[in-house]
Amino acid sequence: MIHPKSKLRALWDGIILLLVVYIAIEYPLRYILNYTPTKILKIMNILTTVFFCLDILIQFRTSYIDRGVIISNPKLVARKYLKTWFFIDFISGVPFELLLNYTGMYGQLLKILRLIRLGRLLKLFKMNTILMRRARIYNVQPGIMRLLIFLLWISLFAHWIALGWLHLGGVSDSISFSHQYLRSMYWTVTTLTTIGYGEIVPVTSEQTIFTILVMLTGVGVYGYVIGNIANLMSNLDIVHASHVKRMEKVNAFIKYRRLPRNLRNRILDYYDYLFERKIGSDESDFYNDLPKSLVRDIKLYLNKDLIAKIPFFKNASDALLTELVLSLKPVIYLPGDYVMRIGEIGHNLYFINKGHVQVISPDHGGVLATLSEGSFFGEQALLSDEPRNASIKTNDFCELFTLEKKKFQDVIKKFPAFAREMELERILRDKTHKL
Ligand code: CMP
C-alpha cells in the first residue's frame, strides 16, 4: 500500500495535475477547432490515457487517513474510493477511443467520442483536492494556495471563454489563428475584468447572450478578488504584521516615557534581534493550547541543539530531559549586559545556547573565564545557598536558557546524578581555564 503522504504519491499527484491542466487546455481547443492532432499531441493523448488508467490502480493502492488513523485495509480503501472519486476517475480514465477504434465503430460515433473526450475534464474537479492536500503536507499557507488555485481556474476559464468567443465568430477570421486567439483572449480579459473598451462588440444574438454571461461572471470574479486579496495580503505574513504592531506600541511607549537615546536604541536592537532570529516574545499562549506530550516533543525539538551541546544533557535519561526541557525558559541579553552581579542572591541557573559571557573576578575586576555555547553558570549559589561569587557580563547577543532555583532543586532531588555530573563539569571547566 502507498502512504498518502509519501514522496511517490506527491510525484504522482504532480504528474496527474500537469496532465489535467494539459487536457483542460488542449481538449476544448480541439473540440472547437476540430483539427487533426500532430504526432506530439497524439503521444500526449496516449500518455494521458495510460496515466489516467494507472491513476485508478494507484488510488486503489493508496491508504487513507481517517481521524488520524492510517487505513491500509484494501477492502476499506476500495470502498472509500468507490464512494468518492472512482466515478470521475473511471469516466476520465477508460480509453473509450481505443475501444471504439477496436470495435470498428469509430466513424459512426465520432460525435459521441468528442463528448466523451471532454468527459475527461471532469478530473478538473480533483485539482483543488490535490493542491490543497499538497499545501497541507508541505505547509504552504492555505491563503496562498487558495490564491494559486483561483489564478489557475481563472486562467483556464479565460482560455475557455476565449475559445467560445472564437467559436461564435467574435473575431474576424481573416487573420492568422494565433492572432485570432490573442484578440479573443483580449476581449475575454477586458470583459471579465469589467473594463470593456468596446472595440470588439457582440453582433449576433448568441454573441450578445455570451457577452452578458461573461460580464456577469466578471462581476462575480471581481468581487471575489477584491474581497479575498485584501484579506490574504493582511494575513500573508502574520509574523511580520505582528512585529510591526508590536514596534508601534514600543515606539509609542518610548515616546511617552521620553526614554534617552541609548536606552531607546537598546530596546529597538533587542526587538530587531528577536525578529531576525524568529523568536516570538511570548510563546506560552501557543503551548497552553497543546497537550503536554506534544509540548514536550516540540520543546525537545526546539532545544535539540542545546541538548546536543551540553554533555550531561546528551547522556541524560528521558525522564530527566523531559523534566528539564519543560522547565527551561529562553531569555535574551544584549551585548554588555550583566546577567548577574557578584553578591546577589541566586535565583536561577543559566545555560548558554548562543553567544559568549565573561566571568568577572570578584577581586580585581579582571576576566576569570569566557564561557560559550553549551556552558552553564550560576549553579554555585543555588547549590551552596551563598551569594553569587562572580559577575557575569555578556560579550555579544546571548541566548540563554534559565532554570529556576526551585525547579533546579526538585531536579537534583529526583536525579542526584545530575548534581554530581554538574559538579564534575564545573571541575573540568575550572581546570581547563587554569591551564
Ligand atoms: P554563582 O556563584 O551562582 O554565580 C556566578 C557564577 O560564575 C558561578 O556560580 C559559576 O557558575 C561561575 N563562575 C565562578 N567562577 C568561575 C570560574 N573561575 N570559571 C568559570 N565559571 C565561574
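This is a predicted model: local features need pLDDT of at least 70, side-chain atom pairs count only at pLDDT 80 or more; totals for chains, interfaces and linings use all residues.
Visitor: How do you know whether the span of helix 12 agrees or disagrees with its number of residues?
Guide: The expected span is 1.5 Å times one less than the number of residues. For the 16 residues of helix 12 (residues 261-276) this should give 22 Å, and since the end C-alpha atoms are 22 Å apart, the two agree.

Visitor: Which residues of helix 12 are buried, and what puts them on the same side or on opposite sides?
Guide: Tyr271, Tyr273 and Leu274 are the buried residues of helix 12, where buried means under 20% relative accessible area, exposed over 50% and partly exposed in between, with a 1.4 Å probe and protein chains only. They cover an arc of only 155° around the axis, which places them on the same side of helix 12; the arc is taken over the directions from the helix axis to the C-beta atoms. Arg261, Asn262 and Glu276 are exposed on the other side of helix 12, while the buried residues pack against helix 11 (238-256), strand 3 (329-333), strand 5 (348-354) and strand 10 (398-404).

Visitor: Why is Gln207 called buried rather than exposed?
Guide: Its relative accessibility is 4%, and Gln207 therefore counts as buried. Gln207 lies in helix 10 (residues 205-236) and, leaving aside neighbours within four places in sequence, is in contact (heavy atoms within 4.5 Å) with Trp165, Leu168, Gly169, Gly170, Val201 and Pro202.

Visitor: What makes the approach of Gly169 to the side chain of Gln207 a polar contact?
Guide: A polar contact is a pair of N or O atoms within 3.5 Å; within protein, one must be able to donate a hydrogen and the other to accept it, and residues adjacent in sequence count only if both atoms are side-chain atoms. The backbone oxygen of Gly169 is 3.2 Å from a polar atom of the Gln207 side chain, and the pair therefore meets the distance limit. A polar contact of 3.1 Å likewise joins the side chains of Asp13 and Arg134; Asp13 is in helix 1 and counts as buried at 2% relative accessibility.

Visitor: Why is the aromatic pair of Trp12 and Phe51 called stacked?
Guide: Rings of Phe, Tyr and Trp (its six-membered ring) pair if their centres lie within 6.5 Å, and planes under 30 degrees apart count as stacked, over 60 as edge-to-face and the rest as tilted. Trp12 and Phe51 are 5.3 Å apart centre to centre with 25° between the planes, so they count as stacked. Trp12 lies in helix 1 (residues 7-33) and Phe51 in helix 2 (residues 39-60), so the pair ties together parts 39 residues apart in sequence.

Visitor: How do you know whether the pair of Phe177 and Tyr181 is stacked or tilted?
Guide: The ring centres of Phe177 and Tyr181 are 6.4 Å apart and the planes stand at 40°, so this pair is tilted.

Technical notes
Residues are numbered from 1 along each chain as its sequence is written. Side-chain values use heavy atoms; hydrogens and water are left out. Helices (H or I, at least four residues) and strands (E, at least two) are DSSP runs, numbered from the N terminus.
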